[in-house]
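Thanks for coming, everyone. Let me put the structure up, and then I will walk you through it.

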Amino acid sequence: MNMDKKVIFSGVQPSGELTLGNYLGAIKNWVKLQDEYNCYYCIVDLHAITVPKEAKILRKRSLELLASYIACGIDPEKNTLFIQSHVSAHAELSWVLNCMTYMGELNRMTQFKEKAKKNEANLNAGLFTYPVLMAADILLYQADLVPVGHDQKQHLEIARDLANRFNNRYSETFKVPDPYITKVGARIMSLQDPTSKMSKSDENDNGYILLLDKPDAITRKIKRAVTDSENLVKYNDEQLGIKNLMTIYSTITGESIEEIESKYEGKGYGQFKGDLAEVIIEGLRPVREKFDYLMKNKDYLENIYMEGANIAEKTARKTLRKVYKKVGFIPRKFK
Ligand code: AMP
Ligand code: TRP
């Protein structure tokens, strides 16, 4: 690991299968960054239990998420891939930061407000302090940059505020992280309702494409995607459905929006959707194949998360030791 490189930290919850939104909004960018930065990519299982999960399913999802990271092109030789609960410093720093976070700050979080509506029967404190744990994740590694989708922007601001608050109250301890949010692709919308984000918790499964969807499912979902009656492949805010489909096309192929507009000038939605389905199918094919292969090699995956935790632990402990000292905890003595 090259210590001169800047540090990246990011994570995804093992709370279901990955969608095309997760891939294009977050993970695809991670792949681009892996050569230039020293990257930590985490499977945030502590976050996942803010919404109750069956233990067996959580374990399965966590391993699948690790396989998905690698299948998407994240090289375990170049990056530190690990499971959040394996490094206890996350929960420990989270406590310290909890004691410096204001209720009012957390009350403003839109993700909390949305999740609170959905989980009224189980409005647990973890859901409320979720952004504090996320700040701990990031700050432990002195991350410079955090590549996420647009929906995490507000959480990143809390992480920055907490870093500054701690640094001001004690002394310089944490790097203040910057968000890394791309212009195109950071907000992939539902195929059924282009005003809300593509999410695996959508009740209508035609709203999202999963990374592991079979080709015929992808074709069907794209065909059914909501558009309008203009029949013009043009990128604007009057045609949100087609705008979203063009974003997907552009993010996968790397073609610019202008190129796509001129390619489909005079051609209708039928042809565009047919081509888009092909683009997605071909884009995801290698991911699906690699995923299937990896899931048959559990020993390989175990080895990766084991080594990942060892590396992550060292960095995280170093930061946590500093924090404990500054806060005024007596350092533990060992015989
Ligand atoms: P989550 O599945 O909510 O844990 O999100 C994991 C990562 O994917 C985060 O960086 C999100 O910002 C990103 N993400 C999730 N849904 C979308 C979407 N529809 N468009 C773009 N990015 C997304
Ligand atoms: N909250 C993020 C999400 O739902 C996941 C996450 C947890 C994360 N800790 C993080 C993302 C640290 C980036 C950095 O998508």
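Some ground rules. This is a predicted model, where local features need pLDDT of at least 70, side-chain atom pairs count only at pLDDT 80 or more, and totals for chains, interfaces and linings use all residues. Residues are numbered from 1 along each chain as its sequence is written, chains are lettered from A and ligands numbered from 1 in the order in which they are written, and side-chain values use heavy atoms, with hydrogens and water left out.

Start with ligand 1. Which residues come nearest to it? There are 17 residues around ligand 1, and the nearest are Gly149, Asp151, Ala186, Ile188 and Met198. Near here means that a heavy atom of the residue lies within 4 Å of the molecule or strand.

Now the polar contacts. A polar contact is a pair of N or O atoms within 3.5 Å; within protein, one must be able to donate a hydrogen and the other to accept it, and residues adjacent in sequence count only if both atoms are side-chain atoms. Asp151 puts a polar side-chain atom 2.4 Å from an oxygen atom of ligand 1. Asn22 has a polar side-chain atom 3.0 Å from an oxygen atom of ligand 1. For Lys200, the distance from a polar side-chain atom to an oxygen atom of ligand 1 is 3.0 Å. How much of ligand 1 does the protein bury? Taken alone, ligand 1 exposes 480 Å², and the protein buries 91% of that. Those areas come from the Shrake-Rupley method with a 1.4 Å probe; for residues, only the protein chains shown count as cover.

What is the shell around ligand 1 made of? It divides into 6 nonpolar, 7 polar and 4 charged residues. By class, Ala, Val, Leu, Ile, Met, Phe, Trp, Tyr, Cys and Pro are nonpolar, Asp, Glu, Lys and Arg are charged, and the others, Gly among them, are polar. Helix α1, residues 20–33, gives the most to this shell, with 4 residues. Helices (H or I, at least four residues) and strands (E, at least two) are DSSP runs, numbered from the N terminus.

Stay with α1 and look at the strands that go with it. β1, α1 and β2 make a right-handed β-α-β unit. Right-handed means that, with the strands pointing away from the viewer, the path from the first strand over the helix to the second runs clockwise. Two strands pair if DSSP finds at least two bridges between them. Val7 stands opposite Asn38 in β2. Why is β1 largely enclosed by the rest of the structure? Because 5 of its 6 residues are buried. Buried means under 20% relative accessible area, exposed over 50%, and partly exposed in between, with a 1.4 Å probe and protein chains only.

On the loop between α1 and β2 sits Gln34. Is Gln34 buried or exposed? Its relative accessibility is 7%, so it counts as buried. Its side chain reaches the backbone nitrogen of Asp75 at 2.9 Å.

Next, ligand 2. Of the 13 residues around it, Gln13, Tyr130, Met134, Asp137 and Gln152 come nearest. Tyr130 has a side-chain N or O atom 2.7 Å from a nitrogen atom of ligand 2. Gln152 brings a polar side-chain atom to 3.0 Å from a nitrogen atom of ligand 2. With Gln13, a side-chain N or O atom is 3.3 Å from an oxygen atom of ligand 2. Taken alone, ligand 2 exposes 360 Å², of which the protein buries 91%.

The shell around ligand 2 has 7 nonpolar, 5 polar and 1 charged residues. β1 and α7, residues 125–140, each supply at least two residues. The largest share, 4 residues, comes from α7.

Leu140 is buried, at 0% relative accessible area. Its C-alpha atom is 7.9 Å from that of Phe174, 34 residues apart along the chain.

Last, the backbone. Most residues other than glycine have a negative phi. Gln142 has a positive phi of about 55° although it is not a glycine. Gln142 lies in the loop between α7 and β4, residues 145–147. Asn231, also not a glycine, has a positive phi of about 60°. Asn231 is partly exposed, with a relative accessible area of 39%.
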